[in-house]
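Here are my notes on the model. Please read them with the structure open.

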Amino acid sequence: MSSLSARMYRVYTNHLPERRLIGRLVVPCHESTLSGTRSNNPSFFPSSGAILQFQYDEEWLKSGFSLGFDLPLTHAIHRPRLGKSSFSFLEDRALSSPNLPLFFNSSHPDPRALQDASKLENAAIRLLHVEDALGSLVFECENTPKNEAFTRVRSTLELPDLIYAYHTIERGKSLIAPLALLQRAMTLPGDRPVFSIELDRLPQTLHLRSMNDPIDRPLWGHVALLMAKRCGLRTVKSTLSRAMGESVWFTTRADRDSSGRPLMLLTGATLAMRSDGPRPLKPGYLAIADILNRDGASPTEDLQEAWCRIAFIAMTGGSSDSLKRWQFVRAPLGWRLAPAYTFEWNPNDTRHGLTMDGRKRLGMPEDALQYAPYFGLTVTEAKQSLMQMRRVFSDWQDIAVEVGADPRDVAYMASFFDEHL
């Protein structure tokens, strides 16, 4: 058992010209969980009885903004909401639970992990790359060693090694050099491994194909963003390349500006208003409109963009969508809808996606027309946008072939498009 009962982190942001203290986070310590995969307590969050606490700094209260709906901008010492064990802004940035074993492999456990930390503390604070974690937050604790600033993985020098390392671990081999390289590169949330890599002197995300993928998922991720852009949506820059005989997909980061400087970023899951009660409704797409109307820096522009993105997602069923995929970056006057960075197209996905209002799901894009006025569009304008999208989607095979899709993948995806278009 650690001699410490809790650790206090000072939480700063680097998105402003000068670094500013936002507040202080108190994290309870626990018995050693270095394996990262305790079978008796698989929970991602602190155990019962151990409560996170957060308090805003006095100076931040005068001119700052809240870190989410569960952390209103008040003097109070905040604790997680009823039924929760964490704060949403931490969940936004945390490595997903399926990817954590990589950092606790007995052959090369990551030195940044703390034995008495909960999985959440390790996944959202300790194990993340100091410079490349999602958003602009920085955590500093006086009672623990400062995280080592690992060098960023460089595409020009280390991409082949990273691909080799990824597939080596997939095959169940625990070699020290591949593990160390993956631990440096994996610092972003996502159920699938998402790597941070330097390309053109800027931090970008890298997606690789898994051995278990039935199709070339990096290529189809690139196709989805190409089609979104042709539909008029704002997206991150997407680049598809080949290395080591396979597709590699790079995207610029919505949480970085053109010079690579961090931007303050939170997700819709953190900013959306939620009701407390025995059976609260989960917020849906209308919560996006609420965020922009309530605290948006440019609501007219972003509301229309949001509706078009909803319609685009509904074109292919929307089964994989969630509020965590909707990102917002902080501007001087409020939140801006960040460019779309991924759309998941998976014929075998059985998830239900988002509803509009916590109840009603979109069976087809036309179901979104009645909600267009909530997003600042007339029904006529919304219909025109849908017509443009349908023209783009009618060319999906040509677009896929144009970027090098395997004919077998095109055949595999045909049923997916036929079902929804």
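1. Terms for helix packing. Axes are lines fitted to C-alpha atoms, for helices over the stretch in contact, and angles run from 0 to 180 degrees between N-to-C directions. Helices (H or I, at least four residues) and strands (E, at least two) are DSSP runs, numbered from the N terminus.

2. Basis. This is a predicted model, in which local features need pLDDT of at least 70, side-chain atom pairs count only at pLDDT 80 or more, and totals for chains, interfaces and linings use all residues. Residues are numbered from 1 along each chain as its sequence is written, and side-chain values use heavy atoms, with hydrogens and water left out.

3. Helices α4 and α5. Helix α4 (residues 155-170) packs on helix α5 (residues 176-185) at about 110°, and their axes are 9 Å apart. That angle makes α4 roughly perpendicular to α5. The classes are: under 35 degrees roughly parallel, over 145 roughly antiparallel, 65 to 115 roughly perpendicular, and the rest oblique. On the α4 side the contact uses E158, D161, L162, Y164, A165, Y166, T168 and I169. On the α5 side it uses P178, L179, L181, L182, R184 and A185. Contact means heavy atoms within 4.5 Å. By class, this contact has 10 nonpolar, 1 polar and 3 charged residues. Ala, Val, Leu, Ile, Met, Phe, Trp, Tyr, Cys and Pro count as nonpolar, Asp, Glu, Lys and Arg as charged, and the others, Gly among them, as polar.

4. Helices α8 and α9. How do the axes of α8 and α9 cross? Helix α8 (residues 285-295) and helix α9 (residues 299-315) have axes that come within 9 Å and cross at roughly 165°. That makes α8 roughly antiparallel to α9. Y285, I288, A289, L292 and N293 of α8 make the contact with P299, D302, L303, A306, I310 and I313 of α9. These residues divide into 9 nonpolar, 1 polar and 1 charged.

5. Whole chain. The secondary structure comes to 12 helices and 11 strands. The radius of gyration is 22 Å, close to the 22 Å that the globule rule gives for 421 residues, so the chain is as compact as a globular protein of that length. The radius is taken over C-alpha atoms, and the rule is 2.2 Å times the number of residues to the power 0.38. The C-alpha atoms fill a box of roughly 65 × 50 × 45 Å along the principal axes. Of the 421 residues, 54% count as buried. Buried means under 20% relative accessible area, exposed over 50%, and partly exposed in between (1.4 Å probe, protein chains only). Among contacts with a separation of 6 or more, 68% come from residues 24 or more positions apart.

6. Positive phi. R201 is not a glycine, yet its phi is near 65°. R201 lies in the loop between β5 (195-199) and β6 (202-208). R201 counts as exposed, at 77% relative accessibility. M244, also not a glycine, has a phi of about 55°. M244 sits in the loop between β7 (238-243) and β8 (246-252). M244 is exposed, with a relative accessible area of 54%.

7. S385. Is S385 buried or exposed? S385 is buried, with a relative accessible area of 16%. S385 lies in helix α10 (residues 379-393). Leaving aside neighbours within four places in sequence, S385 is in contact with W307 and C308.

8. R325. R325 is found in the loop between α9 and β10 (327-331). Not counting residues up to four places away in sequence, R325 touches S320, Y341, T342 and E344.
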